[in-house]
Amino acid sequence: LATAGIVGGTAGGLILPIKMQVERQNVTTQFEILLGSAEKAQQRIKELTEFASQTPYTRDEIYQASRVLEIFTEGALSTGEGLRLVGDVAAGTQREFADVALWMGRLYSSLAAGRPIGQELSWLEEIGAISGDARKRIEELAASGKDITRIWPEVVKEFSKFDGMMEKMSKNLGNLLLSVRSFFMENIIMRWGQGLDSVLSPLLTDFRNWRKENSDLIETMGD
């Protein structure tokens with residue numbers, strides 16, 4: 001039993017760091033495609049990691065929300081005050097960050113393109129993000145035909161009651177404990193995963209190349 005425990009613990013200690021490294025690489029690659037370069041992707045990850053430390057959300061939740069908002073708003077809401085707005089609404093309505101990012105992103109995109117916004121406003125009203133009166137005002141803004149740069153600042157005002165919600169919630173005990181866990185995962189487990197990656201990736205690459213170059217040999221294996 002002791003041996004099994006040691007083996008299980010060792011396996012678990014390897015799997016988690018590798019899993020974190022794989023997920024981080026996938027996110028970085030997604031941002032690289034969206035932003036156009038590896039440098040911009042790394043900078044975005046750095047900004048979002050710093051942003052996450054001031055919120056009640058995990059880094060992964062922040063990364064996912066930013067990616068969705070980048071797609072829908074072409075950068076308008078995926079960082080800085082735009083991301084903070086979405087996070088404050090999510091915190092204030094107790095909804096998943098990714099869900100609020102999706103619908104806020106869709107709202108921005110539809111307003112910018114002059115498309116109907118009924119579904120987006122219905123969802124935001126259902127979760128308590130906007131009132132009936134606020135919905136009417138946003139609908140009037142959409143019907144005005146004005147450019148999104150003039151419409152959106154007025155839309156943002158309708159969510160002002162949620163200003164500062166993430167920061168307030170981040171000071172609660174549960175979220176303070178989460179921040180300690182996030183620090184441990186990012187600065188210890190993640191670095192372990194990066195170290196394992198530097199050893200495993202070259203070996204796995206060599207194996208893949210060997211497999212391609214020796215397909216005939218592999219077919220005879222087991223005969």
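This is a predicted model: local features need pLDDT of at least 70, side-chain atom pairs count only at pLDDT 80 or more; totals for chains, interfaces and linings use all residues.
## Helix H4, wrapped up inside

Let's start with helix H4, which covers residues 80-93. This helix has 14 residues and spans 20 Å from its first C-alpha to its last, close to the 20 Å you'd expect at 1.5 Å a residue. Ten of those 14 residues are buried, so H4 is largely enclosed by the rest of the structure. The buried set is Gly82, Leu83, Leu85, Val86, Gly87, Asp88, Val89, Ala90, Ala91 and Thr93.

What do the buried residues of H4 pack against? Their partners are helix H2 (38-52), helix H3 (59-73), helix H5 (97-113), helix H8 (148-157) and helix H9 (165-169).

## The nonpolar core

The largest nonpolar core counts 46 residues, and the ones touching the most other members are Leu124, Trp152, Val155 and Phe159. As for which element puts in the largest share of this core, that's H5, with eight residues.

Val155 is a handy one to click on. Set aside the neighbours within four places in sequence, and Val155 is in contact with Leu107, Leu111, Ile138 and Leu141.

## Salt bridges between helices

How many salt bridges does a search of the whole structure find? The answer is seven. One of them joins the side chains of Arg44 and Glu70, at 3.1 Å from N to O. That pair links distant parts of the chain, with Arg44 in helix H2 and Glu70 in helix H3, 26 residues apart. Are Arg44 and Glu70 buried or exposed? Both of them are buried.

Next up is Arg106 with Glu120, a salt bridge whose closest N and O atoms are 3.7 Å apart. Arg106 sits in helix H5 and Glu120 in helix H6, so this pair ties together parts that are 14 residues apart in sequence. Arg106 counts as partly exposed, at 23% relative accessibility, while Glu120 is buried with a relative accessible area of 3%. Then there's Glu125 and Arg135, where the closest N and O atoms are 3.0 Å apart. Here Glu125 is in helix H6 and Arg135 in helix H7 (residues 132-143), so the bridge ties together parts ten residues apart in sequence. Glu125 is partly exposed, with a relative accessible area of 31%. Arg135 has 18% relative accessibility and counts as buried because the cut-off for that label is under 20%. Glu139 joins in too: Glu125, Arg135 and Glu139 are linked in a network of salt bridges.

## Around the loops

Thr73 belongs to helix H3 and is buried, with a relative accessible area of 5%. Not counting residues up to four places away in sequence, Thr73 touches Ser78, Gly105 and Tyr108. Glu74 is in the loop between H3 and H4, and this residue is exposed, with a relative accessible area of 72%. Glu74 also has a phi near 55°, a positive value in a residue other than glycine.

Past the other end of H4 comes Gln94, in the loop between H4 and H5. Gln94 isn't a glycine either, yet it has a positive phi of about 60°. Is Gln94 buried or exposed? Gln94 is exposed, with a relative accessible area of 59%. Gly114 is 35 residues from Thr79 in sequence, and the two sit 24 Å apart in space, C-alpha to C-alpha.

Leu14, Ile18, Val22, Trp192, Val199, Leu200, Leu203 and Leu204 make a nonpolar surface patch of about 690 Å². Helix H1 (2-35) and helix H10 (173-213) each supply at least two of the residues in that patch.

Which helix gives the most to the nonpolar patch? That would be H10, with five residues. Val199, one of the patch members, lies in helix H10.

Technical notes: Residues are numbered from 1 along each chain as its sequence is written. Side-chain values use heavy atoms; hydrogens and water are left out. Patches are made of residues with over 30% relative accessible area and no salt bridge: like charges are joined within 9 Å, nonpolar side chains (Val, Leu, Ile, Met, Phe, Trp, Tyr) within 5 Å. Accessible areas come from the Shrake-Rupley method with a 1.4 Å probe; for residues, only the protein chains shown count as cover. A salt bridge is a side-chain nitrogen of Lys or Arg within 4 Å of a carboxyl oxygen of Asp or Glu. Helices (H or I, at least four residues) and strands (E, at least two) are DSSP runs, numbered from the N terminus. The expected span of a helix is 1.5 Å times one less than its number of residues. Buried means under 20% relative accessible area, exposed over 50%, partly exposed in between (1.4 Å probe, protein chains only). Contact means heavy atoms within 4.5 Å. A nonpolar core is a set of buried Ala, Val, Leu, Ile, Met, Phe, Trp, Tyr and Cys residues joined through side-chain atoms within 4.5 Å.
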